[in-house]
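Here is a friendly walk through one protein chain, from the whole fold down to a few packed pieces. Keep the viewer open and follow along.

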Amino acid sequence: MKSHNPHSKIAALSLAMVLYTSCTASPALHPMVLIPGAGGNQLEARLTSAYKPSSLVCNRWYPLGKDPDGWFRMWFDPSVLLRPFTKCFSERMKIYYDPDVDDYRNAPGVETRVPSFGSTDSLLYLDPNLKHITSYMEPLVTSLEEIGYVAGQNLFGAPYDFRYGLAAEGHPCDVASDFLGDLKTLIESASDSNGGRPVILVSHSLGGLFALHLLDRAPASWRRRVKHMIALSAPWGGTVEEMLTFASGTTLGVPLVDPLLVREEQRSSSSNLWLMPSPAVFDGARPIVVTPNTSYSSADIVRFLRDIGFPEGARPYETRILPLVERLPPPSGVPVTCVVGSGVETAETLFYGEGGWDERPEVAYGDGDGTVNMVSLMALQSAWGGVKNQSIKVIEIGGVSHTSILKDEIALDAIIGVVSSINSEISSIIGEVSSIKFEVL
């Protein structure tokens with residue numbers, strides 16, 4: 001049912017919060033773990049003697065601001081806006097597939113680490129010196145603090161190296177697997193330090209896929225550690241925009257950056273391969289990319305990778321990714337609420353001309369959140385909604401984009417309403433709210 005009065009929805013959500021806070025003077029909140037999306041947390045690097053820069057500009061002196069052990073923030077660094085340093089950033093961020101070990105590794109001479117695991121610190125701002133323009137989860141964390149969450153006590157963060165994705169069973173993916181192990185331990189610790197109460201997982205974008213696979217791979221006895229999963233803007237079946245990323249590069253919204261300078265680095269990311277349009281979700285008979293000579297659907301990704309000049313991506317996609325995405329795992333009995341944006345123009349078909357892959361394509365748009373197509377946002381509900389022992393609800397917020405869902409006032413009200421209802425067990429209210437479509441005025 002579509003509501004033409006979003007304020008009635010906010011009232012319902014507010015009622016959930018009021019009823020909860022009135023139940024007890026000292027509410028016992030379920031601990032929460034925040035899982036960011038790709039590019040949603042800081043990433044640090046250190047250069048060793050094995051690092052061979054492509055130019056003098058990229059020498060080991062850059063950047064000047066390093067800690068005593070040589071570590072510096074690689075993501076996000078504002079110098080990426082300057083063309084010579086864009087190339088430095090790209091060659092340091094790039095990862096390599098090693099066919100001999102069937103896994104990915106950093107560029108030679110580049111060590112990386114994820115700062116502040118367990119804390120929300122690296123999720124708040126991508127650059128703490130540029131808080132206004134690099135704010136990420138800060139508005140959401142502030143909203144959670146207003147209803148009683150305290151960072152480090154019952155509110156935790158799970159940042160990760162977002163360049164590395166998971167792989168199908170039987171294929172190593174050391175970095176991503178280590179993250180799932182760390183996330184599992186963090187959930188246990190958060191629960192144990194909060195009286196054994198099960199944890200609420202709140203994920204954004206790619207973080208939702210990691211959380212879903214964690215639940216799928218964990219034993220049923222362990223899944224009782226998780227009370228609820230709230231998935232914000234999750235690309236369950238990938239996105240058409242990833243085809244644009246691989247073909248022509250993308251700036252990820254960073255101004256002044258030439259997408260061709262970062263295309264090679266973006267192609268190297270195994271998590272980007274994971275986010276290619278899944279043939280299990282996108283119609284394999286419908287073209288996604290059209291050129292003067294041929295077209296490509298979700299069933300043609302291997303041929304597409306070869307044709308764009310990235311044949312080295314064909315084998316890992318075919319062996320590591322395809323078997324991983326052929327089946328969207330169930331949430332395994334853990335209740336899931338998907339909060340998604342809609343009504344934002346989202347790339348649905350890319351039309352390339354005679355200029356080839358280096359030219360920007362013409363784009364036909366469809367529904368989605370500006371990044372993720374609606375069929376992908378709804379894929380978990382489509383696959384598992386109504387199945388016995390699976391509880392999946394969707395809150396759709398019109399006019400809210402993929403990233404603004406973390407900042408928009410109505411979106412934050414919706415998220416806080418879900419969190420409050422989980423804590424107060426007011427299932428009737430959240431059930432009613434979940435069936436209503438929000439509209440941003």
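## The chain as a whole

Please keep in mind that this is a predicted model. The protein chain holds 17 helices and 16 strands. Of its 441 residues, 57% are buried. The chain exposes about 17,900 Å², and carbon and sulfur atoms supply 52% of that area.

Among contacts between residues at least 6 apart in sequence, 77% join residues at least 24 apart.

To find your way around, look at strand E2, residues 43-47, which pairs with E6 in the antiparallel sense over four bridges. Within this pair, Leu47 stands opposite Val110 of E6.

## A four-stranded sheet

A second open sheet to look at has four strands in the order E11-E10-E13-E14, and its pairing is mixed. Here the edges are strand E11 (295-296) and strand E14 (362-366); each has a single partner strand, so one side of each is left without a neighbour in the sheet.

Strand E10 (residues 289-290) and E11 run antiparallel and are joined by two bridges. If you click on Val290, its bridge partner in E11 is Ser295.

## Two helices that cross

Two packed helices are described by the angle between their axes and the distance between the axes. For helix H9 (residues 241-248) and helix H10 (residues 259-268), the axes come within 7 Å and cross at roughly 110°. That makes H9 roughly perpendicular to H10.

Which residues of H9 and H10 meet? From H9 come Thr245, Phe246, Ala247 and Ser248, and from H10 come Pro259, Leu260, Arg263, Gln266 and Arg267. The residues of this contact divide into four nonpolar, three polar and two charged.

Methods
Residues numbered from 1 in each chain as written. Predicted model: local features only at pLDDT ≥ 70, side-chain atom pairs only at ≥ 80, totals over all residues. Heavy atoms only, no water. Axes fitted to C-alpha atoms, helices over the stretch in contact; angles between N-to-C directions. Parallel < 35°, antiparallel > 145°, perpendicular 65-115°, else oblique. Contact = heavy atoms within 4.5 Å. Nonpolar A, V, L, I, M, F, W, Y, C, P; charged D, E, K, R; others polar. Pairing = 2+ DSSP bridges. Buried < 20%, exposed > 50% of the residue type's maximum accessible area, 1.4 Å probe, protein only. Areas by Shrake-Rupley, 256 points an atom, 1.4 Å probe, with all protein chains shown as cover.
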